[in-house]
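The following note sets out numbered points on one model. Please read each point with the structure open beside the text.

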Amino acid sequence: MIELLAPAGDMEKLKIDCLYGADAIYFGGQNYSLRANAKNFTNEEIKEATSYAHKLGKKVYVTVNIVFHDSDFEGLEQYLKFLEEAKVDGIIASDIAVIKMVKVLNLALNLCLSTQASILNSRNVKFWQKLGVTRVVLAREASRENIKRIKEETGIEIETFIHGAMCTSFSGKCVLSNYVTKRDSNRGGCAQICRWDFEVLGKPNLTITPKDLNMIPFIQEEINIGVNSFKVEGRMRSIYYIATVILAYRQIIDKIKDKTLTTGEEKYYLNVLNRCANRESTPQFYDKLPGVDEQYFLGREELSNQDFLGLVLEYDKKQKMVKIEQRNYFQVGDEVQFFGPNMETFNYKINKIYNEFGEEITVARHPQEIIYLPLPKNIKPYSMMRLKIFDKKDFL
Amino acid sequence: MKRLVTALNQEFLNKIKDLEDIEILYPLESFCIGYDYYYPATKIDGYALINRILTDDDLDILDSILKNSHFKGIVFDDLGILEIVKDLPLKKILLLDHLALNSISINYYLDYVDSVVVASDLNYEEIKYITENTKKEVVLYVFGLKKLMYSRRNLLTNYALYHQEEINKKLEAKILDKDFRIIEEDMGTSFFMGKYYNGLELLNLNNVLYYWYDFNQISLQEAIDILNNKVNVASSPFLLHDQVSFKVRGDK
């Protein structure tokens, strides 16, 4: 079983993950998670999310991945017991104290070792296997040879990142944030100093920001090597980003399984993914040491876009009318695309727009206003409307 | 008081050889990153420092080196090393940069090693608490060029190539009022604090196997002065007197 593992910063994103093709979802609770500033999940939401995902046959992993100080352990035991009661499938942890506690309490939680442990070798994996760890998230710096040997010598379940932002540092080996801002990177407060400019006397500013990761060209190879879970980064990203990325990788993985993925399609997905992140992406460490082309210089070089035009709320089959929550400006005459789970993306030219009172308008300019568009095709809630930038047929 | 001192060059070693209670820590050639001086295994008769994140291929080579070495002990970061040293008569000290932050975890690691280096990212009270609650003596980092980040990327080379400048493997940089020293080597790039980390106030804590003086990028005389309790370089206690912020217990 190849698992597509998706991030969720809140319940809405978890639902999007599930609908758009994730096999499993990871998220943090209110405590002990490295994305302290994501909305995250309350205990009640963890129960609800787990139940929702399980009904759809999806797995749920909760991040308990901060590196603890002595004062942080308060409430941890109760929290881990709660996670077991909530029937989450496993936790992602980096601190040996958390892993030992799960074992001492004999909790029915699968243990996944976080990428914070910076693992590049099989002996390190064996250390954690003896403690009960059944899955490892390898360091993002792992090469194909590293992954292959770890799999061969340990047989452990391997989870690798396939898409999203990269730390400049080995994860867990950085306290730049602590130094510059007194925000603790290893307890969820990272200020992302590796995205800042460093002043250098008499020279251009030093920037060390990596481009994003994408592993589209190597998914097939990673499946062959024995990677079990493909992880997408981005618990703090938008629903549009998550929907686009998860749908793209769902389709890529399925097409690889069916042996129908073409290089043209790969190119199409790559364009779509880069566009939705507003950033370029590359495979980074898998096949070579990243060089000058795998970094950003002169600032972030990100162009923000307003491609995400609306979220589909419902479709009226009789009236052939789609109800949309507006997310960005659009107007009559715009060429758009509808995409969503279990459907082929299709193009559409906007001919008429109605507001929530049924009045015809020419422009949808207000975020979250309710809009109706005549649409001949049935479309499901949680599908999305975006500007037409790329057309798949141009890549085939 | 036992002091663990990172080796500078041979001249430095000659000068400190008569000082009492000193063990020398030698950055092991090819297995260490971020130092001025590296030593081949054949030249090491004290502790060897191994601070790189290692691959299996690295460990295969290291395995053979360690089996034929005369090291007194090793200070190491990658837990994979435990597998190859478990039967060797070496003192084993776990470094785990930035990750040895609480007494509970350190006590678990102490089941496998002789001592653990307490992370220097903590404040004084947190370090004191750890020394009072660990079942074996720990190692305290009391002075040195404090590493803030370790990247596998060749960041200075990439920077020079992009800007078409001459490649310089050492660079000083700044963000706001914070200074950095940056060193690139084949195996990656290390970012350090501009000022030296000064945790000499930790010398009054007990349950300590070694107080580590991690000399690097410093003159021989300055280092020797520090060993004689005279600090003549710009230094900072880093977070020893601070609380860092984050969000562990949610109230959103």
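1. In chain A, eight strands form an open sheet in the order β15-β14-β20-β11-β12-β19-β16-β17, with antiparallel pairing. Strands here (E, at least two residues) and helices (H or I, at least four residues) are DSSP runs numbered from the N terminus, and two strands pair if DSSP finds at least two bridges between them. The edges of the sheet are β15 (346–349) and β17 (360–361) of chain A, each of which pairs on one side only. Within the sheet, β11 (residues 308–316) and β12 (residues 321–326) of chain A run antiparallel and are joined by six bridges; A:Val312 has A:Ile324 of β12(A) as its bridge partner.

2. The model is predicted, so local features need pLDDT of at least 70 and side-chain atom pairs count only at pLDDT 80 or more, while totals for chains, interfaces and linings use all residues. Residues are numbered from 1 along each chain as its sequence is written, and chains are lettered from A and ligands numbered from 1 in the order in which they are written.

3. Chain A is divided into domain 1 (3–294) and domain 2 (308–395), with bounds that come from an automatic or database domain assignment. Their C-alpha centres lie 32 Å apart. The contact takes 14 residues from domain 1 of chain A and nine from domain 2 of chain A, where contact means that the C-beta atoms of two residues, placed from the backbone, lie within 7 Å. On the domain 1 side, α1, α9 (239–257) and α10 (263–277) of chain A each supply at least two residues; α10(A) gives the most, with seven residues.

4. Helix α1 (residues 11–20) of chain A also packs with α2(A), at an angle of about 10° and with the axes 11 Å apart. Axes are lines fitted to C-alpha atoms, for helices over the stretch in contact, and angles run from 0 to 180 degrees between N-to-C directions. The two helices α1(A) and α2(A) are therefore roughly parallel (angles under 35 degrees; over 145 is roughly antiparallel, 65 to 115 roughly perpendicular and the rest oblique). A:Met11, A:Leu14 and A:Cys18 of α1(A) meet A:Glu45, A:Glu48, A:Ala49 and A:Ala53 of α2(A).

5. Between the chains, 62 residues of chain A are in contact with 57 residues of chain B. On the chain A side, α4 (96–104), α5 (122–130), α6 (144–154) and α7 (176–181) of chain A give two or more residues, and the largest share, five residues, comes from α5(A).

6. Chain B has an open sheet of four strands in the order β8-β11-β10-β9, with antiparallel pairing. The strands β8 (147–151) and β9 (170–175) of chain B stand at the edges with a single partner strand each, so one side of each has no neighbour in the sheet. Neighbouring strands of this sheet are turned by 20° against each other on average, direction ignored. Helix α6 (residues 155–163) of chain B packs on the sheet and touches β8, β9, β10 and β11 (188–193) of chain B.
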